[in-house]
Amino acid sequence: MNYDYIVVGHGIAGATLAYTLRKQGQQVLVIDEPKNNSASRVAAGLVNPVAGKRFAKSWLVDTLLPYADSFYDELEDRYKQQLFVHKPIYKVFSTIEEQNNWMAKSAEGNWSEYIGATYTQSTDQDPSIQDEYGGIMIRKGGYLRIAETLDLLLQDLQQANALLPERFEINQLQLTEEGIAYKNITARHLVFCEGWQAVQNPYFSWLPLQPTKGEVLEVQTQDFNPECIYNKAVYVVPVGEGHFKIGATYNWRQPDELPTPEGREELSERFEQITTQTYQVSRHWAGIRPAVRDRRPLMGRHPKHAQLSVFNGMGSKGVLMAPYLADVFAKALIGGGEILPDVHISRYYSLYYDYIKHHNQEL
């Protein structure tokens with residue numbers, strides 16, 4: 001079989017790119033090993049337009065957020081079910097210093113598009129919530145039902161005979177003048193969307209990906225059904241009647257997919273800093289994120305082999321970033337657009353040339 005593009009990996013990056021390329025009339029084959037604990041499936045699929053303790057707008061949020069909304073609306077129309085859940089995010093201040101930091105930050109500009117309210121003391125809306133220093137209510141937040149979304153997109157691929165559900169074997173890849181050959185398949189181009197496993201890819205292992213383990217709990221509690229997502233060191237996302245996802249930990253020292261007692265204890269303690277509700281842990285997952293040194297995704301063609309590309313490194317922001325960046329990348333691949341300098345892998349070409357120099361080989 002011959003294709004225009006092979007996409008390796010079907011997390012949020014690979015899924016959005018494959019969908020976008022197919023929508024633009026390209027013949028696409030996705031190669032993906034089914035895994036229930038891939039980073040995308042473990043994640044809560046959170047979209048938060050205000051990032052971190054520094055209270056900064058998420059990178060390029062004014063562009064990324066409207067595009068993501070439109071993209072997920074399109075999928076909902078296609079599959080006739082709700083996939084993206086819009087919910088405000090209550091960012092709870094942990095200390096008076098954090099409250100003061102926000103008050104200073106909020107004076108610097110107009111935040112009305114993303115901040116619905118600021119509280120300098122407890123809202124008292126729910127006596128079980130521990131928010132003595134108040135917090136901010138972030139607008140335009142929410143979460144994607146990410147496992148369901150990926151499953152629906154996989155079903156489309158299966159029906160179109162455009163899915164090869166197996167582990168990609170890099171030693172079976174051959175580069176040709178026309179593109180690539182893989183087993184009995186040929187294509188003009190191959191895009192690696194393999195998440196953290198790119199560190200084992202000989203063509204792209206020079207990129208500064210940092211596999212980062214994250215653990216997530218699902219808990220059940222009877223009398224706690226908030227109308228918002230809570231964030232205070234961890235997120236608390238309502239995912240069903242009385243069910244919540246709590247996450248996530250960050251562990252650079254143990255890049256494996258095994259849940260740990262330490263991770264469970266950390267998440268439980270932080271949940272208990274948000275609410276006094278009693279609860280039971282019903283599930284415990286661990287996955288590995290593809291984090292990048294400068295916290296920007298990695299997109300672009302290989303410096304030497306133009307028939308190979310990478311679309312990776314979105315970390316915990318994949319649900320927000322992937323739809324728009326997939327469109328940008330698809331247009332660049334097909335020939336109608338440019339990749340943003342902030343995410344182009346050319347910013348790390350020096351690492352590629354250092355790799356060649358020290359390994360006495362050119363890949």
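Below, we talk through helix packing and then the nonpolar core.

Reply: Happy to! This is a predicted model, where local features need pLDDT of at least 70 and side-chain atom pairs count only at pLDDT 80 or more, while totals for chains, interfaces and linings use all residues. Residues are numbered from 1 along each chain as its sequence is written, and side-chain values use heavy atoms, with hydrogens and water left out.

Me: How do I describe two packed helices?

Reply: Two packed helices are described by the angle between their axes and the distance between the axes. Helices here are DSSP runs (H or I, at least four residues), numbered from the N terminus. Axes are lines fitted to C-alpha atoms over the stretch in contact, and angles run from 0 to 180 degrees between N-to-C directions. Take helix 1 (residues 12-23) and helix 7 (residues 318-334): their axes lie 8 Å apart, at an angle of about 45°. That makes helix 1 oblique to helix 7 (under 35 degrees is roughly parallel, over 145 roughly antiparallel, 65 to 115 roughly perpendicular, and the rest oblique).

Me: Which residues of helix 1 and helix 7 meet?

Reply: Contact means heavy atoms within 4.5 Å. On the helix 1 side, Ile 12, Ala 13, Thr 16, Leu 17, Thr 20 and Leu 21 take part, and their partners in helix 7 include Gly 318, Val 319, Ala 322 and Pro 323.

Me: At what angle does helix 1 cross helix 3?

Reply: The axes of helix 1 and helix 3 (residues 61-79) cross at roughly 70° and come within 13 Å. Helix 1 and helix 3 are therefore roughly perpendicular. Among the residues in this contact are Tyr 19 and Lys 23 of helix 1, and Tyr 72 and Arg 78 of helix 3.

Me: And how far apart are the axes of helix 1 and helix 5?

Reply: Those axes are 11 Å apart, and helix 1 packs against helix 5 (residues 146-159) at about 40°. That makes helix 1 oblique to helix 5.

Me: What should I look for in a core?

Reply: In soluble globular proteins, nonpolar side chains tend to be buried together. A nonpolar core is a set of buried Ala, Val, Leu, Ile, Met, Phe, Trp, Tyr and Cys residues joined through side-chain atoms within 4.5 Å; buried means under 20% relative accessible area (1.4 Å probe, protein chains only). The largest nonpolar core has 72 residues, of which Leu 17, Tyr 72 and Phe 311 touch the most other members. Helix 7 gives the largest share of this core, 12 residues.

Me: What does Tyr 72 touch?

Reply: Leaving aside residues up to four places away in sequence, Tyr 72 touches Ile 12, Phe 84, Leu 144, Val 319 and Pro 323.

How values were computed: Helix = DSSP H or I, 4+ residues; strand = E, 2+ residues; numbered from the N terminus. Buried < 20%, exposed > 50% of the residue type's maximum accessible area, 1.4 Å probe, protein only.
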